[in-house]
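Hi everyone, thanks for coming.

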Amino acid sequence: MNLRVLGLLLALLGAVAALSAQGSKLLVVLEDEAEKSKYSQFWASLEDRGFQVTYKSPKDSSLSLFAYGEPAYSHLLVLPTKAKGLGPNLTPNLIVDFINAGSNILLALSAQLSVPSAVSSLLLELDITLPPDRNSLIVDHFNYDTQSANEQHDVLLLPSPQASRKDVKNYFSVDGLIAFPHTVGQVLGNASPLLSPVVKAPSTAYIYNPKEEFESLEDVFATGSQINIVSAFQARNSARFTVLGSVEALEDKWFDASVQLPGAGKKSEKTANKAFAQKLSAWTFKELGVLRVGSVSHYLNEGSQKGVSNTTAVGAALDINPTIYRIKNDVHYSIEMSEWENDHWAPFTPAAGDALQLEFSMLSPFWRLDLQPTAQTANSSIYSAEFKLPDQHGIFNFFVEYRRPFLTSVEEKRTVTVRHFAHDEWPRSFVISGAYPWIGGIWVTVIGWVIFVAVWLYSKPAQPKRQLKAGNVKR
Amino acid sequence: SNASASLGNIRNAQDAQQIAISLWNNYVEKTPQRTKLIDAFMAFLMVVGGLQFVYCVIAGNYPFNAFLAGFSATVGQFVLTASLRIQTNADNENDFKNLSQERAFADFVFGSMILHFFCVNFIN
């Protein structure tokens, strides 16, 4: 009881106003009720952020991911089990169907309980490979906690994860060290563009099986930053699956433990596990990195509609999203983008050095343009571009595709017809200066002809008028 | 002609010039007034057409439809005028027993109007 009150107090102190953009029903699968108390701060943090948490055991017959063909929960959190598998209601096929239906999953692993083969094969579906030795963990002789694992070196202390590229937003940065006790390492395949590492092991780490006490390591599964401690997978429908190698990183004990790196001059400090757990679960359960497209509009930027700065202000007078354009028309395209921020939609800005791009394409892009931010509303940012349609008729698409690591995917396509010039849309001859000699030639001919006709009519006929008798004329 | 052949080139040149002059004199005296008017108009059309063609060769044929319209105005008008000349020539009267001068001229005017309409339309 004391622990519960303490947990609630702590939750109030660290209250974060946050909501998931997708839904609040979260299912936690854990084997014992006894385990639940080990993570009380984490549950409190989840409930504080608006999740309705249900706790079920994998052996529970009432556990079902689906209800009436739809996912029963928006999110799933699976803790490691002692049993050989996750039970009949959490087969790899069902979990894959759950992801395909759009729900998010956070799977935690532990090196102290051997990983079931069902979980291994599930992760293989996502191109994540676990070490074949069921009991292996990650060991690092340079980044371990001297206070708790001075002999084993299996409690890793890692700094905040960095973004893998400059133009990718980093949603997982924290102040301080993160402790990962007894971690199961994962190796990510190269083939899938949907996988991203969140926390990679440092270059001095390696995978070791403590049951087999070898003097030296032969045939190691993976070393260094090949090993991932936390991996993230985002499916094409933007459903998220995160694998956390160390479930103990979520325990109350490690949320504010004192740790110390080896080496002279290193001081004891508090871990940043609580902040990291909050960020990891926030990303997985769609509180962070969620994008939304508002309105998409395009219009003819010529004549009376040229240079209209705000389409909503003009209202009904502006012909928005026509189905047909003509070649070489000037058009204006704009798209409204928002990013979910805690509990509301806010204007979205791509990372520095990155740009939102528009493709105007028929089979392949004729234009690929960077969209510029032109306006901002309270909830969104409007990006637009102005360009001239190509000199080719056909069926074209305005296509915005924005897929970045740790952001939901954006794919917006609008199809338009581009027709050729109508017979009366060609430029007139008198506006083409090169045609002047020929225009002159025609009119000189005509005037000469008029003079000829006038002179002919006033001249003497070549022969006298013949008397046409009725019999002579054959009609 | 035997005498002129035996006297060499100078004689031939002089003869050619004399033939041309007498040809011209014969034309001026014997051709009816209206036929000469037609011939003058046809010469005018050839000059205008030739000028347009030379301009095209020198300065290029952009816009091509304009060149075609201007050039074919002169060529078409020439053809119509030629057919008027054939139909109104006194020497051809046997071939055109049932065709009066007025009818030929009316056909010429009608054809010319169609030609002018086409050329103005084609040049846009």
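Predicted model: local features only at pLDDT ≥ 70, side-chain atom pairs only at ≥ 80, totals over all residues.

Residues are numbered from 1 along each chain as written, chains are lettered from A and ligands numbered from 1 in written order, and side-chain values use heavy atoms, without hydrogens and water.

So, the largest pocket: about 400 Å³ of space lies in it. On a 1 Å grid over the protein atoms alone, a pocket is an open set of points with protein on both sides within 12 Å along at least five of seven lines, a cavity is a set where a 1.4 Å probe fits but cannot get out, and lining residues have an atom within 4 Å of a point. Volume here is the space filled by probe spheres set on the points, which are joined across faces, edges and corners. The pocket has 21 lining residues, and A:Pro161, A:Gln162, A:Pro197, A:Val198 and A:Lys200 lie nearest its centre.

What about cavities? There are 5 of 30 Å³ or more. The largest cavity holds about 80 Å³. Its lining counts 14 residues, with A:Pro80, A:Thr81, A:Leu109, A:Pro116 and A:Val119 closest to the centre.

Finally, is A:Ser192 buried or exposed? A:Ser192 is buried, at 18% relative accessible area (buried is under 20%, exposed over 50%, partly exposed in between, with a 1.4 Å probe and protein chains only). Beyond neighbours within four places in sequence, A:Ser192 contacts A:Asp127 and A:Phe233, contact being heavy atoms within 4.5 Å.
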